[in-house]
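Please keep the structure view open as you read.

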Amino acid sequence: MLSVAGALTVLALASLAPEPCPTTIQKYFFTIVSTLNGFNDSKNHPDQPWPIMRVNRCSLVTIRLENQDASQAHGLAVALYANSGVVAGPGQNAEVNFVANRTGEFKVTCTIPCSIHPSMLNGYVYVS
Ligand SMILES: [Cu+2]
């Protein structure tokens, strides 16, 4: 029984693996500006995904966090692709890079409990 269960587990993991990506890939570059109004003014776009970044599967994605908040640091994480994320100090920049090899909706959030945090928890990368 144990060996059957083990074999099934391996099959399930294999089926979740994405198809390989070609070596020549599309590139996307996004800038997210953090201020006391959130990510790209997300404070003024409540109850909806904001900001949204749409990319094709297998593209190389660069997201630059430009922290224009002089009073505090902000972070940027992308679910699955950059779980621990990056941090930009006050007035500093940071960058996340990844190959979007899986399709789906991946949440983008700040990683620091900053003063505007609730407005920095609903960004998305949509990979199709
Ligand atoms: Cu923050």
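## A loop residue to start from

Ala17 counts as exposed, because it has 9 C-beta neighbours inside 10 Å. Ala17 sits in the loop between helix H1 (2-16) and strand E1 (27-35). The C-alpha atoms of Ala17 and Arg102 are separated by 8.5 Å, although these residues are 85 apart along the chain.

## What kind of model this is

This is a predicted model, in which local features need pLDDT of at least 70 and side-chain atom pairs count only at pLDDT 80 or more, while totals for chains, interfaces and linings use all residues. Residues are numbered from 1 along each chain as its sequence is written.

The mean pLDDT of the protein chain is 90, and 88% of its residues reach 70 or more; pLDDT is the predictor's confidence in each residue, from 0 to 100. Over residues 5-10 the pLDDT is below 50, and this stretch has zero contacts in the model beyond near neighbours in sequence. Two residues are in contact if their C-beta atoms, placed from the backbone, lie within 7 Å.

## The overall layout

Helices (H or I, at least four residues) and strands (E, at least two) are DSSP runs, numbered from the N terminus. Of the 128 residues, 26% count as buried. Among contacts between residues at least 6 apart in sequence, 61% join residues at least 24 apart.

## The sheet and its strand E5

An open sheet is formed by five strands in the order E3-E9-E8-E5-E6, with mixed pairing. Strand E3 (52-55) and strand E6 (82-88) are the edge strands, each pairing on one side only. On average, neighbouring strands of this sheet are turned by 20° against each other, direction ignored; the axes behind such angles are lines fitted to C-alpha atoms, for helices over the stretch in contact, and angles run from 0 to 180 degrees between N-to-C directions. Strands of a sheet pair through backbone hydrogen bonds, either parallel or antiparallel. Two strands are taken to pair if DSSP finds at least two bridges between them.

Which strands does E5 pair with? Strand E5 (residues 74-78) runs antiparallel to strand E8 (residues 104-109), and two bridges join them. E5 also pairs with E6 in the antiparallel sense, over four bridges. Some of the facing residues are these: Val78 has Val108 in E8 as its bridge partner, Ala77 stands opposite Thr109 in E8, and Gly75 stands opposite Val87 in E6.

Is E5 buried or exposed? Five of its five residues are buried, so E5 is largely enclosed by the rest of the structure. Both faces are covered, with His74, Leu76 and Val78 buried on one side and Gly75 and Ala77 buried on the other.

## The nonpolar core

The largest nonpolar core has 20 residues, and those with the most contacts inside it are Ile63, Leu76, Val78 and Val125. Elements giving two or more residues to this core are E4, E5, E6, E8 and strand E9 (123-127). A nonpolar core is a set of buried Ala, Val, Leu, Ile, Met, Phe, Trp, Tyr and Cys residues joined through C-beta atoms within 7 Å. Leu76 touches residues including Ile32, Ile63, Leu65, Val86 and Val108, not counting residues up to four places away in sequence.

## Backbone details in the loops

| Residue | Phi | Location |
|---|---|---|
| Asp47 | about 60° | loop between E2 and E3 |
| Cys58 | about 80° | loop between E3 and strand E4 (60-67) |
| Leu80 | near 70° | hairpin of E5 and E6 |

Their surroundings can be compared for two of them. Asp47 is exposed, with 6 other C-beta atoms within 10 Å, whereas Cys58 counts as buried, with 20 C-beta neighbours inside 10 Å. The hairpin that holds Leu80 has three residues between the strands.

Finally, a cis peptide bond joins Trp50 and Pro51, with omega about -5°. Pro51 lies in the loop between strand E2 (38-39) and E3.

Terms used
A residue is buried if 20 or more other C-beta atoms lie within 10 Å of its own, exposed if 12 or fewer, and partly exposed in between; C-beta atoms are placed from the backbone.
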